[in-house]
Amino acid sequence: MTSSVVTGPFALGEALAEREQAALLRRRTPVDVASGGRIRVGGRDYLNLSANDYLGLADHPAIKAAFKEGIDRYGAGAGASPLVTGYSRAHQQLEETLADWLGVEAVLLFNCGFSANQAVLKALLGKEHLLWQDKLNHASLQEMGSQLPCKMKRFGHNDMAALERLLEPNRGLIVSEGVFSMDGDLAPWTALATLAARSGNWLMIDDAHGLGVLGPQGRGTLAAQGVAPARVHIHMGTFGKALGVAGAFVGGSRELVDYLVNFARHYVYSTHMPAAQACAVSKSIELVRVADEARAHLVRLIARFQQGAQAQGWTLGASNTPIQPLLVGESAAALQLAERLRDRGVWVSAIRPPTVPVGTARLRITLSAAHREQDVDSLLEALGPCPSSDQRGGAHVA
């Protein structure tokens with residue numbers, strides 16, 4: 001099929017050409033199979049180090065069986081929005097399971113984390129409010145914050161002194177992440193909760209990348225840092241990372257959930273997630289709660305990779321989570337390194353601006369409990385010594 005040039009008021013071609021010139025053009029790659037830390041693309045098998053399937057549950061037979069049983073009982077879709085006929089007993093049971101697991105009063109399900117984040121901000125914040133956000137928060141939070149009638153104030157990444165200077169009493173909402181998706185580091189939640197309580201403002205956590213991986217029973221970043229759930233007013237998490245399925249939730253007080261049921265347009269006017277999907281997520285939570293050995297194995301893999309990368313002189317981000325950013329700098333160099341790894345049978349994605357700040361393009365290496373120690377060694381062998389390292393000082397941790 002030949003491409004056509006579209007004329008009119010929108011300079012689409014120019015925008016695409018500019019991105020390609022800057023080595024920032026994005027293209028999709030169809031995947032044939034992805035399972036167990038492996039991926040098949042174009043008929044070739046690769047070691048997959050780009051997925052967020054941190055516990056290796058996406059292909060778990062018990063979760064697949066629960067999904068199939070859910071389809072047999074409820075069908076493949078939801079059929080309607082949750083306030084019409086799209087809210088099933090399976091959805092209700094999942095919400096109750098989540099509330100019990102995470103220690104919150106109530107939970108509301110969403111189709112994805114992007115819509116959950118945006119629904120909360122849009123439903124809560126008016127022109128009389130203020131919104132404080134970490135500068136490295138997810139695009140869903142940053143984008144909605146910039147579109148709201150309230151004033152948004154962004155503070156330096158994990159800079160609690162900067163946040164404290166910006167805070168005003170009883171004016172709005174502080175939002176940060178549990179595990180930051182591109183850097184893999186954690187926000188200081190004891191300090192955040194203290195500042196929120198002292199200033200009389202609400203606090204929200206996006207724990208998409210901490211849930212399932214961190215804390216007792218995989219309850220996430222707050223549990224790992226010893227912060228009581230009640231100290232954080234709004235909890236957002238997703239099911240498409242460590243839980244291996246898809247979807248998201250918002251948790252908190254019963255009053256908050258009742259309010260969102262009535263005022264969150266992303267919830268009210270969207271077809272609900274399929275009930276069968278809710279069945280699969282409920283089964284996944286059962287597995288996650290008892291996955292201590294998988295989490296311990298993951299910790300060992302992270303340490304093995306860090307030690308090996310340090311010996312080879314690579315620059316790593318300051319992360320002890322499955323997200324291990326290997327910092328390259330320029331977008332073209334990151335693309336070239338990713339392509340070199342693929343030639344050697346390792347699939348790692350290059351992350352470039354605007355997803356990350358200019359000059360910090362990287363390989364976003366994600367480890368999974370489905371990987372073996374030999375897989376980490378294969379990755380290190382494919383990377384080889386860092387060309388710019390003098391091999392005397394080892395890796396620099398940013």
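Leaving out neighbours up to four places away in sequence, Phe114 is in contact with His138, Ala139, Ser140 and Glu143, where contact means heavy atoms within 4.5 Å. Phe114 sits in helix α4 (residues 113–124); helices here are DSSP runs of H or I with at least four residues, strands are runs of E with at least two, and both are numbered from the N terminus.

A quick word on what you're looking at: this is a predicted model, with local features needing pLDDT of at least 70 and side-chain atom pairs counting only at pLDDT 80 or more, while totals for chains, interfaces and linings use all residues. Residues are numbered from 1 along each chain as its sequence is written, and side-chain values use heavy atoms, with hydrogens and water left out.

**The annotated site**

UniProt, in an unreviewed entry, puts a "binding site" feature at Gly113, Phe114, Ser181, His209 and Thr238. Such annotations may be inferred rather than shown by experiment; positions follow the numbering used here, and feature names are shortened. The five span 126 residues of sequence, yet they cluster in space, with a largest C-alpha distance of 13.3 Å. Gly113, Phe114, Ser181, His209 and Thr238 are also included in the lining of the largest pocket. (A pocket is an open set of points on a 1 Å grid over the protein atoms alone, where a 1.4 Å probe fits, with protein on both sides within 12 Å along at least five of seven lines; lining residues have an atom within 4 Å of a point.)

What about His209? This residue lies in the loop between β8 (202–206) and α8 (221–224). Not counting residues up to four places away in sequence, His209 touches Asn52, Tyr54, Val179, Ser181, Lys241, Ile323 and Arg364. With Tyr54, the His209 side chain makes a polar contact of 2.7 Å.

Buried means under 20% relative accessible area, exposed over 50%, and partly exposed in between (1.4 Å probe, protein chains only).

| Residue | Relative accessible area | Class |
|---|---|---|
| Phe114 | 35% | partly exposed |
| His209 | 9% | buried |
| Phe239 | 0% | buried |
| Phe249 | 2% | buried |

**Rings**

Rings of Phe, Tyr and Trp (its six-membered ring) pair if their centres lie within 6.5 Å; planes under 30 degrees apart are stacked, over 60 edge-to-face, and the rest tilted. By this rule there are four aromatic pairs. In one, the Phe239 and Phe249 ring centres are 5.8 Å apart with planes at 20°, so this pair is stacked. Phe239 lies in the loop between β9 (234–238) and β10 (248–252) and Phe249 in strand β10, so the pair ties together parts ten residues apart in sequence.

Methods:
A polar contact is a pair of N or O atoms within 3.5 Å; within protein, one must be able to donate a hydrogen and the other to accept it, and residues adjacent in sequence count only if both atoms are side-chain atoms.
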